[in-house]
Amino acid sequence: MKQILKAIERNPRLTPAEIAVMTGQSEADVAAAIARAEQDRIILGYRTVINWERAGEDEVAALIEVRCAPQRETGFDAVAQRIYRYPEVRSVWLVSGTFDLAVMVVAKSMREVSLFVSERLATIDAVQGTATYFIMKRYKEDGAILDGDEPTAHRLAVTP
Amino acid sequence: MATSVGSVANRNRVAKLVSSLPPSGIRKFFDLLASLDNVISLGVGEPDFVTPWHIREAAMYGLERGETSYTSNYGLIELRSEIARHLERLYQVSYDPRREILVTVGVSEGLDLAMRAILDPGDEVLCPDPGYVSYRPCIQLAGGTVIPVPTSFADDFKVRAEEIEARITPRTKAILLGYPSNPTGAVLSREELAAIARVAERHDLIVVADEIYDRLVYGVEHTCFSSLPGARDRTILLGGFSKAYAMTGWRVGYACARPELLEAMMKIHQYTMLCAPVMAQLAAIEALRYGERDVQEMVDEYDRRRRVMLTGFRRLGLDCFEPRGAFYVFPSIARTGLSSEAFAERLLNEERVAVVPGSAFGERGEGHIRCCYATSLAEIEEAIRRISRFLARLEGKDA
Ligand SMILES: Cc1ncc(COP(=O)(O)O)c(C=O)c1O
């Protein structure tokens, strides 16, 4: 299972037949394992890493620190839920340190992000304070380097 | 000038030993290749990964600190200690870093030192055929005689203790083993190696174990020859960084042996090499301390590619045994009726795929080609398509 997941994590376009060859299992077993992993929400989706800037589409992203009061019974979960329901929120993490939730927001403009923070985030009861950091430049995203390639080996074509 | 150019050329100034060495079967392809483009090469013998960043960085920090001098002839003691710990951890063999480990300029130098340290003129060395291209010349340059021990496709290219024992004479000095094998990908089990260790003991032979591919095994365990009962003190263990850590260009490796043998190798090393490059030694320390994760990731990736190549070739109807080590598949091309050299040459000219003819590795390599899977999956798949077209044409079918 781990081998299958590793293979599609690197390349979601692999077919079960291809993964079967790579992992030495039958195609039917691989297809079944993937279906099960999707059902169990081990596989949550198949995504593509896109450099939107290079595609000529501007978007604004911001990392927002949120300090909030944990709730009786639900701790931070209820607040996190309220926040992650907004579609402009890409990621929400509970973190250790000087704040509680780290929220990644993507929108069309700085104004949109600011509005989101002031009107949606800051108005949630349990939220005690926020600090917004606009992303200026992306260097590496989900393991992919955005500009400038990683060096490749310059090998001779035939060696002993 | 007293002598004319003509008379210089006429006199044979190259030593007989050197001129008697046949040219490498690989060199020829090199010249052919230079004139072609859009070639997919399965002809390499090294990783396609760049050395992991933290290892490169360790060398750069060393340069910044001004570490640019000769090191001890034996190599940096920190590196030798790391090598000792590494071998203890992986194989439970112990070598004293002060007297039993020598840092060499790759396993290449280790091989040369081992042969020169143990051979007197006419001494015989048994080595599996097919085997790594440098084995024969290294033995010959040291004055030794090569006694090939045949291995075969039918027996997964394993060298057998009985075959070795049958070729022992009063002149036999050593057995040279290279497993996991370049070019076949064969691996020997602990029991098979133990049988060879018993033969070595019975006939009091030295075993030179080239274990440069020790980390690149798939679904089987590597057995370090020195870890076999009674074998340690008759073994010269050669290990390296080139393959496991993708460090071919750094030129660093190591040799381990009991003090008397190691001292003999060290004697040659100190006069001919002085020491291995210091930057490479610093990088090697980093590799052993923090490189395990990189090794595992590369091994996992090679394993995926290994299966893709093996399955692809079998679907084309090429007979291959399943290689369990190194990064080569060694299919039989016998059914085409071509010699391995003719096959490789035509495949390159007609379909732009470079492979190495099995005959470059010894007589028993004839009828096979060596294909390296240390290349991207996309390239492996394209190479399989091209080979498929080539085979179809050879066999008079439409591609
Ligand atoms: C079996 C074998 N031994 C030794 C070497 C040489 O290794 P190094 O780079 O450590 O000199 C190679 C390289 O191809 C090899 O395949």
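A helix here is a DSSP run of H or I at least four residues in length, and helices are numbered from the N terminus. In this predicted model, helix α6 (residues 106–118) of chain B gives the largest share of the shell around the ligand, three residues. The ligand lies between chains A and B.

**The ligand**
- The ligand is surrounded by 14 residues, and the closest are B:V107, B:S108, B:D210, B:S242 and B:K243.
- Sorted by class, its shell holds six nonpolar, five polar and three charged residues.
- B:D210 has a polar side-chain atom 2.6 Å from a nitrogen atom of the ligand.
- In the side chain of B:K243, an N or O atom is 2.6 Å from an oxygen atom of the ligand.
- For the side chain of B:Y213, the distance from an N or O atom to an oxygen atom of the ligand is 3.0 Å.
- The ligand taken alone exposes 400 Å², and the protein buries 94% of that.

**The contact between the chains**
- Chain B contributes 31 residues to the contact and chain A contributes 16 residues.
- About 1900 Å² is buried between chain B and chain A, with 59% of it given by carbon and sulfur atoms.
- Of the area that chain B buries against chain A, 28% comes from B:F30, B:R304 and B:R307, more than from any other three residues.

**Polar links and helices**
- One salt bridge is counted between chain B and chain A; it joins the side chains of A:R10 and B:E301 (3.3 Å, N to O).
- Ten residue pairs are in polar contact across the interface of chain B and chain A.
- On the side of chain B that touches chain A, α12(B) gives the most, with seven residues.
- That side of chain B divides into 15 nonpolar, six polar and ten charged residues.

Notes
Residues are numbered from 1 along each chain as its sequence is written. Chains are lettered from A and ligands numbered from 1 in the order in which they are written. This is a predicted model: local features need pLDDT of at least 70, side-chain atom pairs count only at pLDDT 80 or more; totals for chains, interfaces and linings use all residues. Side-chain values use heavy atoms; hydrogens and water are left out. Contact means heavy atoms within 4.5 Å. Buried area is the accessible area (1.4 Å probe) that two parts lose on being put together, summed over both. A salt bridge is a side-chain nitrogen of Lys or Arg within 4 Å of a carboxyl oxygen of Asp or Glu. A polar contact is a pair of N or O atoms within 3.5 Å; within protein, one must be able to donate a hydrogen and the other to accept it, and residues adjacent in sequence count only if both atoms are side-chain atoms. Helices (H or I, at least four residues) and strands (E, at least two) are DSSP runs, numbered from the N terminus. Ala, Val, Leu, Ile, Met, Phe, Trp, Tyr, Cys and Pro count as nonpolar, Asp, Glu, Lys and Arg as charged, and the others, Gly among them, as polar. A residue is near a molecule or strand if one of its heavy atoms lies within 4 Å of it. Accessible areas come from the Shrake-Rupley method with a 1.4 Å probe; for residues, only the protein chains shown count as cover.
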